[in-house]
Amino acid sequence: MDPNKVDEASDKMSDDGEIASVMGFSGFGKKARTFDLEAIFEHTRRTAIERSQLVLDERQKDDQMDEEGESSQSVKTSVHAPRDKATAATSRKQESDSSSDSGSDSDSELIGPPLPPQHTADDEDGTLTRASGSTAQTDEDDDDDDGEAQDDDDDDNPVKKIPDTHEITLQHGTKTVSALALDPSGARLVTGGFDYDVRFWDFAGMDQAVQAFRSLQPCECHQITSLQYSITGDVILVVSGNAQAKVLDRDGFNVMECVKGDQYIVDMAKTKGHTAMLNSGCWHPKTKEEFMTCSNDGTVRTWDLSSEKKHKSVFKPRSFQGKKVVPTCCTYSRDGKLIAAGCQDGTIQIWDRNLSVHTKFHCRQAHIPGSDTSCIAFSYDGRTLASRGGDDTLKMWDIRNFRKPVNVATGLSNNFTMTDCCFSPDDKLLVTGTSVKREQGNGKLVFFDRTSFQKVYEIEVTNASVVRCLWHPKLNQIMVGTGNGLAKVYYDPVKSHRGAKLCVVKSQRKERQAETLTQDYIITPHALPMFREARQRSTRKQLEKDRLDPKKSHKPEPPVSGPGRGGRVAAHGGTLSSFIVKNIALDKTDDSNPRQAILRHAQEASDNPYWVAPAYKQTQPVPLFAEDSEEDEEAEKEPEWKKRKI
């Protein structure tokens, strides 16, 4: 050994010792691990050649089996075992190599997702290794792919997403439910009808009895035409048969009432509000303070919640001759930039929200003139418009080509001016209701495929017309308003969320009959403390006190049947008064002369004194009665005119 190298090594060790004593730890100057790159590359090349040879053998066998007419699946399963054994042997061989070649295993492993089989290369590098791994993995997952394909088919079928397995019925009244509204969260439902009532339903607060927690008449004697929650859900737009729309809060209290216009002004743009009956209304989908109404005065007006004294803007539909036409329904586009209105002359007119003079899109023969277009609705993508006409049709339009409808469905009877149509949350179905005459069939909820416009499903709701329909996107539940005063909610326990599922699981509360027997509490704020009644804290505590009171908790005795007992008379009735009346009726004595009636008991009273004590028997004075004199007889014989007048 070279003595110089030994000296250098000893110097380094002494330096390491000094550093270790200063730093507090040792281990300096260790030699880094060296790798033989040529050996690693050679090992990798051999492994790639072996695996590529296995892949080529598999392909040849597959070709032979295909020629013989056998399935490729059986070939794959038969080849898997020897291939796995070969790969296992190769891995064991790699593990038996020297430690210097251990880094080559990481180079030959797959990194990232496997390549498809068609991308295999002819060179003898790691590409063929990746291809073999990909074929093995894809073959093992064939069954999983088949199951996922079936699930995808179920997801692609929109009919299976309809939540109609269960339903609950809300009794609004006896007349037509002409308006429905759900808040954005789906917690509260509001119904309005031809009976002027607006009822509030809280799904979280109801039980199986499904009773409304509030009912009111916000517009007095006017039928409710339309109801809608704002995008924030804190206020409700109420459109009725009068000329003034109202805005209520969540509890039904008045927030705003639109002003009424001057009916003697010809130009409707110069008035501050509507002058005739309202037909429809809706909120802006983006701006929470803006809403829109349309009326029989021939205008569509937008309003701001902060200024109730005047409208925000006016849109005036016009016929082909330039005459005034009445809009029967109106709506905003999904982005809020367009305003659409269906008119009585069969036209559908669309304006830009910021330009109220000329229409942006105008279809002059959308429906038969004279039939009221009951509803128009935009799809969720904003490119398609659906219209429900009074001519018993349902049409779908592409606003980019607005001259002809894309699809038309006929034979859908419509007897109401507010029959709804709406899109499903996934935009694949279009839903509407049908009308029937009284006792002439059942009203149906009909579902159409948006692409083919074929009727794919229908639900028989009740023996009356289906007027309103609403498919809430968050709850995945369908609300339906009918012509016989019912509001039905269709849901699926698996596909739906909250909503009706919250109230059907709660058992109906039993009414406590004892609460009606409690005494009314009289409030006397100005009474003196000694006369003031203690305030009742709760009905339960008062019932407990009354139960301890022997008088209040005494059970009344039942009426006596048969002979009387215990001092109670029952022979002639259940009460003492009836017994006395019976005995009085049996008394036949004549009491017309009171003197004789009294003297009749004189002999008995003198013989058996009952009212006067026997102690006064000896000292009791004897009554002396005056005898009749002759003067009295003469006085009686005098004529009437001589007698003294009293």
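This is a predicted model: local features need pLDDT of at least 70, side-chain atom pairs count only at pLDDT 80 or more; totals for chains, interfaces and linings use all residues.
Biologist: Why is Ser 465 called buried?

Modeller: Its relative accessibility is 4%, and the term buried applies under 20%. Ser 465 therefore counts as buried.

Biologist: Where is Ser 465 found, and which residues does Ser 465 touch?

Modeller: Ser 465 is in the loop between β25 (455–462) and β26 (466–472). Leaving aside residues up to four places away in sequence, Ser 465 touches Phe 416, Thr 434, Ser 435, Val 436, Gly 481, Thr 482 and Gly 483.

Biologist: What makes the approach of the Ser 465 side chain to the backbone oxygen of Val 436 a polar contact?

Modeller: A polar atom of the Ser 465 side chain lies 2.9 Å from the backbone oxygen of Val 436. The cut-off for such a pair is within 3.5 Å, and the distance of 2.9 Å meets it.

Biologist: What makes β26 mostly covered?

Modeller: Of the seven residues in β26, six are buried.

Biologist: How do you know that β26 and β27 pair?

Modeller: Pairing requires at least two bridges. Between β26 and β27 (residues 477–482) there are six bridges, and the sense is antiparallel. Within this pair, Arg 468 stands opposite Gly 481 of β27. The hairpin that β26 and β27 form has four residues between the strands, and Asn 476 takes a positive phi near 55° there.

Biologist: What makes Glu 167 and Lys 488 a salt bridge?

Modeller: The criterion is a side-chain nitrogen of Lys or Arg within 4 Å of a carboxyl oxygen of Asp or Glu. For Glu 167 and Lys 488, the N to O distance is 3.2 Å, and the side chains meet in a salt bridge. Glu 167 belongs to β1 and Lys 488 to β28 (residues 486–491), so this pair ties together parts that are 321 residues apart in sequence. By the same criterion, the count comes to 18 salt bridges.

Biologist: Why is Glu 167 called partly exposed, and why is Lys 488 called buried?

Modeller: Partly exposed covers the range between the buried limit of under 20% and the exposed limit of over 50%. Glu 167 has a relative accessibility of 40% and therefore counts as partly exposed. Lys 488, with a relative accessible area of 10%, is therefore buried.

Biologist: How do you know that Asp 297 and Arg 301 form a salt bridge?

Modeller: The closest N and O atoms of Asp 297 and Arg 301 are 3.9 Å apart, and the cut-off is within 4 Å. Asp 297 is buried at a relative accessible area of 4%, and Arg 301 is buried at 0%.

Biologist: What makes Asp 381 and Arg 450 a salt bridge, and what parts does the pair tie together?

Modeller: Their side chains meet with an N to O distance of 2.8 Å. Asp 381 lies in the loop between β18 (375–378) and β19 (384–388), and Arg 450 in the loop between β24 (443–449) and β25, so the pair ties together parts that are 69 residues apart in sequence. Asp 381 counts as partly exposed at 30% relative accessibility, whereas Arg 450 counts as buried at 14%.

Biologist: Which residues are linked with Asp 381 and Arg 450 in a network of salt bridges?

Modeller: Arg 383 and Asp 427 are linked with them in that network. Asp 427 is found in the loop between β22 (421–423) and β23 (429–433). With a relative accessible area of 11%, Asp 427 is buried.

Biologist: What is the phi of Asp 427, and what is the phi of Phe 453?

Modeller: Asp 427 is not a glycine, although its phi is positive at about 65°. Phe 453 is not a glycine either, and has a positive phi of about 60°. Phe 453 lies in the loop between β24 and β25, and is buried with a relative accessible area of 7%.

Key
Residues are numbered from 1 along each chain as its sequence is written. Side-chain values use heavy atoms; hydrogens and water are left out. Helices (H or I, at least four residues) and strands (E, at least two) are DSSP runs, numbered from the N terminus. Buried means under 20% relative accessible area, exposed over 50%, partly exposed in between (1.4 Å probe, protein chains only). A polar contact is a pair of N or O atoms within 3.5 Å; within protein, one must be able to donate a hydrogen and the other to accept it, and residues adjacent in sequence count only if both atoms are side-chain atoms. Contact means heavy atoms within 4.5 Å.
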